[in-house]
Amino acid sequence: MSASSVVTRFAPSPTGFLHIGGARTALFNLLFARHHGGKFLLRIEDTDKARSTQEAIDAILDGMTWLDLHWDGETVFQSQRAARHVEVAEAMLAGGHAYRCYATSEELAELREQQRAAKLPLRYDGRWRDRTDWPEDAPYAVRLKAPRDGETAIDDLVQGRVTVQNSELDDMILLRSDGTPTYMLAVVVDDHDMDVTHVIRGDDHLNNAFRQLGIIKAMGWPEPAYAHIPLIHGADGAKLSKRHGALGVDAYRDELGMLPEAVNNYLLRLGWGHGDAEIISRDQAIEWFDIGGVGRSPSRFDLKKLENLNGHYLREADDARLAGLADPRVAKLIGRALSPDEQALLVRAMPELKPRAKTLDEIADGATFLFAARPLTIDDKAAALLQGEAPTLLGKAHDALAAVSDWAAGPIEEAVRQVAEEAGIGLGKVAQPLRAALTGRTTSPGIFDVLVLLGRAESLARLADVAQGNRGSAEAQMIKE
């Protein structure tokens with residue numbers, strides 16, 4: 001195998017969103033090709049016209065682009081290659097590797113019922129395999145003349161050597177009676193014509209590989225190397241479902257607020273590893289990735305681990321980029337678009353917001369206090385901090401802060417500490433009511449950073465509202481809405 005000869009492909013069926021498991025398959029194919037200096041191709045297997053939709057195709061392409069899973073060359077659409085698939089089936093007929101099957105659907109249904117009753121495998125019995133007494137002008141399917149004796153072996157790059165007795169493989173249909181090619185035929189022909197050298201896919205396709213090899217051998221084509229990757233399970237070990245996080249890739253972006261680099265990193269570590277490395281960049285992944293690092297056991301998807309990883313990438317991300325991603329989420333929460341000045345404030349606030357967040361939604365939620373209208377709505381927990389002597393204390397803090405000429409963290413902190421010392425209390429006893437009055441919550445960035453971000457005028461106005469008893473409440477806001 002020369003380095004430049006490696007060709008992999010990702011071949012999704014556009015019957016729904018780009019599943020998280022499919023995204024991992026695409027990632028592994030891309031990394032293997034890039035590691036070996038080869039090509040990574042994309043084929044849309046849209047032969048099932050009843051279920052394939054343009055919306056699903058767009059979702060697949062959008063998801064792959066978001067994850068930076070860029071493929072080489074043009075996208076191949078399987079449905080456009082039907083004539084070529086038929087051509088190969090006819091060549092197999094001419095070469096004696098396939099045959100005409102005139103069995104009707106009623107006959108095949110009766111055969112299956114008989115096999116069920118006898119508790120036998122449901123398998124075509126080859127009744128037309130060696131016949132030539134073909135009925136004139138009757139429709140027929142084309143079936144592969146599979147070997148009956150011996151065994152078929154695959155030296156899978158993940159699963160190891162796997163064998164199947166040929167007696168267990170029936171003569172599968174290549175062309176239906178209406179002349180349309182089957183998925184099993186189309187996949188093999190397309191992989192050959194696209195010069196695919198390595199078929200990397202989920203291990204639910206392992207049984208298909210044995211059947212597809214029958215076509216490859218009949219045509220005398222080179223066999224690809226196979227790597228069947230264990231599927232992803234939920235954290236409880238059960239088959240991955242929506243309750244585990246089996247969502248479309250777009251949902252991780254739009255609904256869960258994940259960054260693509262975090263999703264990529266997490267998918268990479270689902271079933272593959274490089275020592276103890278956890279945080280792995282795309283360049284490192286290309287350098288390190290090889291199929292030998294893929295395990296044979298199913299991986300377990302853990303949304304909490306993905307969120308923690310996303311938190312890391314949020315902290316590393318560019319502030320302007322994060323602000324741009326958080327902007328529409330903030331706008332949705334506050335019910336209006338941000339002005340240019342507010343957008344600039346969101347960028348300035350990002351160093352204080354992102355260390356506390358694991359998702360873009362958490363960043364947006366944490367930023368809403370910056371753009372809240374007065375009087376500020378105070379949640380119940382924060383309101384509890386504004387009882388008793390708190391308004392008086394905040395009045396003193398207001399006066400002390402009003403005297404600060406240089407509105408920066410240092411002078412602000414000095415003024416607040418002075419208020420605490422004069423009141424004979426600890427700094428926290430002033431900081432917590434300050435936080436409640438300025439943000440309406442009990443959690444926020446550091447209180448001095450909050451004051452700096454809000455600015456002198458807004459900070460003093462919010463403190464004055466609380467000191468004068470002019471403030472909103474969660475209950476009042478609910479009634480208003």
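Residues are numbered from 1 along each chain as its sequence is written. In this predicted model, local features need pLDDT of at least 70, side-chain atom pairs count only at pLDDT 80 or more, totals for chains, interfaces and linings use all residues, and side-chain values use heavy atoms, with hydrogens and water left out.

Me: At which residue does H11 bend?
Reply: H11 covers residues 319-334. Helices are DSSP runs (H or I, at least four residues), and strands are runs of E (at least two), numbered from the N terminus. The bend is the angle between axes fitted to the seven residues ending at a residue and the seven starting there. In H11 that angle is about 35°, a proline, proline 328, follows within four residues, and the bend is at alanine 326.

Me: Which helices are included in what covers the buried residues of H11?
Reply: Buried means under 20% relative accessible area, exposed over 50%, partly exposed in between (1.4 Å probe, protein chains only). Leu322, Ala323, Ala326, Asp327, Arg329, Val330 and Ala331 of H11 are buried. Their cover includes H7 (249-254), H10 (303-316), H12 (340-353) and H13 (360-367).

Me: Where is the kink in H12?
Reply: H12 has buried residues too: Glu342, Leu345, Leu346, Ala349, Met350 and Leu353. Their cover includes H11, H13 and H18 (447-467). The kink is about 30°, shortly before proline 351, and lies at valine 347.

Me: How are H15 and H17 oriented to each other?
Reply: H15 (390-402) and H17 (427-439) pack with axes 10 Å apart, at an angle of about 90°. Axes are lines fitted to C-alpha atoms, for helices over the stretch in contact, and angles run from 0 to 180 degrees between N-to-C directions. Under 35 degrees counts as roughly parallel, over 145 as roughly antiparallel, 65 to 115 as roughly perpendicular and the rest as oblique. H15 and H17 are therefore roughly perpendicular.

Me: Which residues does leucine 303 touch, not counting those up to four places away in sequence?
Reply: Leucine 303 lies in H10. Its relative accessibility is 27%, so leucine 303 counts as partly exposed. Contact means heavy atoms within 4.5 Å. By that test, leucine 303 touches Tyr252, Leu256 and Met258.

Me: What distance separates the C-alpha atoms of threonine 53 and threonine 15?
Reply: Threonine 53 sits in the loop between strand E2 (39-44) and helix H2 (54-66). Threonine 53 is partly exposed, at a relative accessible area of 36%. Threonine 15 is 38 residues away along the chain, and the C-alpha separation is 6.3 Å.

Key
Expected span 1.5 Å × (residues − 1).
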